[in-house]
Amino acid sequence: MDGHDYAWSLRHEWTVGGKGVKVVSISVSLHPERTRELILDFALRVSERDGTPSDTRVLQALPSAIRSAQEAGWDPESRGRAFRHEVAEAS
């Protein structure tokens, strides 16, 4: 993306019972364990009828979520503790 290769992995996910929300946390970095980690938290609306949202929704939202985190101050080349960024709902 934008000339950089990012590594990402699923950190965890959970469903908020009775609220129709599933939360997914993704870890992103340029070079795992050598650059500053970005933690993206996605809150996805789910319905009982449709069940769990597909991973495709999160994957499609990753590029814009990474750009949004950069605009909020995440510098993947820096060091330091992880930068946590909450993402508006992925459609």
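Two strands pair if DSSP finds at least two bridges between them. Helices (H or I, at least four residues) and strands (E, at least two) are themselves DSSP runs, numbered from the N terminus. The structure is a predicted model, in which local features need pLDDT of at least 70 and side-chain atom pairs count only at pLDDT 80 or more, while totals for chains, interfaces and linings use all residues. Residues are numbered from 1 along each chain as its sequence is written, and side-chain values use heavy atoms, with hydrogens and water left out.

The description may begin with the hairpin of β1 and β2. There are 4 residues between these strands, and glycine 18 in the hairpin takes a positive phi near 75 degrees. The two strands run antiparallel and are joined by 9 bridges; valine 16 has valine 21 of β2 as its bridge partner.

From β2 the sheet continues to β3, again in the antiparallel sense, over 8 bridges. Here lysine 22 stands opposite leucine 44 in β3. Strand β3 (residues 38–45) then pairs with β4 in the parallel sense over 5 bridges, and leucine 38 has phenylalanine 83 in β4 as its bridge partner. Together, 4 strands form an open sheet of mixed pairing, in the order β1-β2-β3-β4. Because β1 (7–16) and β4 (83–87) stand at the edges with a single partner strand each, one side of each is left without a neighbour in the sheet.

Strand β2 is mostly covered, with 9 of its 9 residues buried (buried means under 20% relative accessible area, exposed over 50%, partly exposed in between, with a 1.4 Å probe and protein chains only). Both of its faces are covered: Val21, Val23, Ser25, Ser27 and Ser29 are buried on one side, and Lys22, Val24, Ile26 and Val28 on the other. Serine 29 has a relative accessibility of 8%, and therefore counts as buried.

Helix α1 (residues 55–71) packs on the sheet and touches β1, β2 (21–29), β3 and β4, where contact means heavy atoms within 4.5 Å. Among the buried residues of α1 are Val58, Leu62 and Ile66, and the buried residues of this helix pack against β1, β2, β3 and β4. A kink of about 45 degrees lies at leucine 62, shortly before proline 63; the bend at a residue is the angle between axes fitted to the seven residues ending there and the seven starting there. Just after α1, glycine 73 takes a positive phi of about 120 degrees.

Definitions and conventions: Axes are lines fitted to C-alpha atoms, for helices over the stretch in contact, and angles run from 0 to 180 degrees between N-to-C directions.
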